[in-house]
Structure formats: C-alpha cells, structure tokens
Amino acid sequence: MSQYDKEALEKFRLSGKILRESREEMRNFVREDMPIIQVCEKAESLIREKGGKPAFPCNVSINEVAAHYTSPPNDKRKIPEKAVVKVDMGVHVDGYVTDTAFTACFNPEYSSMQSAAEHALTAAIESIHGDMATSQIGLIIERTIKNRGFKPISNLTGHSVGRYLIHAGTSIPNVMQLSFGKVKAGEVYAIEPFVTLPDAVGRVDNSPEVTIFRLVKAKAVKNPYTKQLLKYIEDNFRTLPFAERWLKGAVPEDRHRDAFKELLRCKAVMGYPVFVEVSRKPVTQAEHTLLIKEDGCEVLT
Ligand code: MN
Ligand code: MN
C-alpha cells in the first residue's frame, strides 16, 4: 500500500524525532530582544548535532509576517517586544523530509490565537485518515479556527512531502474549498493551520523581501566563481531551499555577491518571497508532519 519501504519509513521517523527534539528545545530558547539570526542558527545547529540536516533554513516570521523569513547574512534584526513569532523548522535524513512549526507568543493578548492554531492542528490530526478528502480537512481546520473567534489564512496550505521534496504535489487547505483531492494512506503530509484576527483580510501577499532560495536548474555559466557557487549549491542542497548565509566560504568573499546575483539573474536559482498578511494583522501557526494510515495517522514530529 505504502509508496515508501520499511527503510524509508524509518528514515522519516528518525527525521521526525530529530525535529521534535529540536523544536522542544527551541520553545525554551526563543526570547524577546534576541537577534533573529541567533534563533535561526540555534535551530539549525540543534538539527545537525542530532544527526539530521536542515531541510530548509529555519524560518522566524514575526507578527504580520506569516512565513518565509530567515536571517540574511549578518542580520541585525531582533525579536521585538510583545512579538508573535512563528518558528518553522525542517529536517531531512537521506532526503526524507519532516516539517514542523510552533508560535512563541510574547503578547498575552494573542495567546488564544496561538492556541487556535494548535487546536485546529489537533482537530485535523484526530480526524485524518487514508482516502479522506482534502476539502474535508480544510473544513475541519476552518471550523475549529472560526469557533474560537479567529480567521484562517486562506491562501497558505499544508502539503505532501517526499524525498528531497518539501512540497510534493498535494496541498492541504486551511479552509473549505471545492476540490477532489484525497490524502492517501502510506503518504506523508505536513498540516499547518495559519490563524489571524477576525477583522483581518485573512490572506498573505508577497513582500519584496527574499531570504530563502532554491536551485531551479543547473545552467551553463561562464564565470568560474559563479560555476563554483552553483556546484556548491547542487552538492549541498540539491533542490531543497537554502539561505544565503549557508553559502559562506563557497567562493572567496569578494566574489560572492556578483556570483550569487548572476545565479538569480540567469534563473538557475529562484527566491521565495516573504509572505505578509494583507491587512498587516498578526498571524499564528502550528505544524506537524504525519504519516497517513488507513484508519488514522502517525504524527512523525
Ligand atoms: Mn513548515
Ligand atoms: Mn510546511
């Protein structure tokens, strides 16, 4: 039934265990006024210490920023006072990806919005099973959030994961929507409700800022430093997302800027824009990765 053999499933489980332990340590680590880069680097080094590799840069998305912010090189930003901080982390073991997130809420005003995301995730986990319609999962998430007086972000979704793939093709909506998709037993999915205030628009938009990148296609480039940087990306991250700060030492420091710019210009590398809630309202998130069974699921993270 499962598309993954026993060995692959064990790697998914190990990936999830490393991620779960790292996440729990991060809950106690994140503080107001802490440099964001310190949070990113701590999460990524915990993952490596435990024998995994980061499947993507640790995302630290604050207040109205819903997702996709990681520290650029030499980031000077700090976690503001009373911030709502989404920490989103991923691990891979031999390519088998797990993905999790929690919200550190330093503003008591939003603590029920933080728990709304957790409750929606729990409700989805408790009802999910093989052959369940993705629209039904979206409905359960939406209802749970609305019953608590909040609004789901309608254009952010969960997703199937695969080997060296964060988004393996199937989306799991956070709202009721017409679709004929179903989750399949034996496959692995990340479920991630995002929640905002009832008077918010409830959608995200791209901001002009880009801090996370991915290899699209290895193009023929002439400049030897550009070529060297491209090879470094291929060898180290394949098609998984990476942060610019992960490229340190790949080429001489004074060559990095031009080489990286050229890879973006020739579209060998693409960027993921930072997502911001359209009405600039704060956003919370919770996420787990699940192995779907005929009659339920196994939470990997
Ligand atoms: Mn995630
Ligand atoms: Mn995810």
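1. Helices (H or I, at least four residues) and strands (E, at least two) are DSSP runs, numbered from the N terminus. Asn74 sits in the loop between E2 and strand E3 (84-93).

2. A word on the basis. This is a predicted model: local features need pLDDT of at least 70, side-chain atom pairs count only at pLDDT 80 or more, and totals for chains, interfaces and linings use all residues. Residues are numbered from 1 along each chain as its sequence is written, chains are lettered from A and ligands numbered from 1 in the order in which they are written, and side-chain values use heavy atoms, with hydrogens and water left out.

3. Start with the manganese ion (ligand 2). Its protein donors are Asp99 (OD), His159 (NE2), Glu192 (OE) and Glu287 (OE), at 2.1 to 2.2 Å. Donors are N, O and S atoms within 2.8 Å of the metal (3.2 Å for Na, K and Ca); water is not among the atoms, so sites may look incomplete. Along the sequence the donor residues follow D-x59-H-x32-E-x94-E. Asp99 lies in strand E4 (residues 96-105) and Glu192 in the loop between strand E8 (188-191) and strand E9 (194-196), so the pair ties together parts that are 93 residues apart in sequence.

4. Now the manganese ion (ligand 1). Asp88 (OD), Asp88 (OD), Asp99 (OD) and Glu287 (OE) coordinate this ion at 2.0 to 2.4 Å. The spacing of its donors is D-x10-D-x187-E. Asp99 lies in strand E4 and Glu287 in the loop between strand E13 (283-285) and strand E14 (288-293), so this pair ties together parts 188 residues apart in sequence.

5. Which residue coordinates both manganese ions? Asp99 does, and the two ions are 3.1 Å apart. Asp99 is buried, with a relative accessible area of 4%. Glu287 is buried too, at 1%. Buried means under 20% relative accessible area, exposed over 50%, and partly exposed in between (1.4 Å probe, protein chains only).

6. Look next at Glu277, in strand E12 (residues 269-277). Glu277 is buried yet has no salt bridge; the nearest side chain of opposite charge, Arg280, is 6.5 Å away. A salt bridge needs a side-chain nitrogen of Lys or Arg within 4 Å of a carboxyl oxygen of Asp or Glu. For charge, Lys and Arg count as positive and Asp and Glu as negative; His and the chain ends are not counted.

7. What does Glu277 have for polar partners? Its side chain makes a polar contact of 2.6 Å with that of Ser279. The backbone nitrogen of Gly202 lies 2.8 Å from a polar atom of the Glu277 side chain. A polar contact is a pair of N or O atoms within 3.5 Å; within protein, one must be able to donate a hydrogen and the other to accept it, and residues adjacent in sequence count only if both atoms are side-chain atoms.

8. Two asparagines deserve a check. Most residues other than glycine have a negative phi. Asn63 has a positive phi of about 55°, and so does Asn74. Asn63 is in the loop between strand E1 (53-62) and strand E2 (65-67). Asn63 is partly exposed at 22% relative accessibility, while Asn74 is exposed at 62%.

9. Last, helix H2 (residues 36-49). Its 14 residues should span 20 Å at 1.5 Å a residue, and its end C-alpha atoms are 20 Å apart, which agrees. The expected span is 1.5 Å times one less than the number of residues. Buried residues of H2 include Ile36, Val39 and Leu46. The buried residues pack against helix H1 (6-27), E1 and E3; contact means heavy atoms within 4.5 Å. Gly51 follows H2, with a positive phi near 100°.
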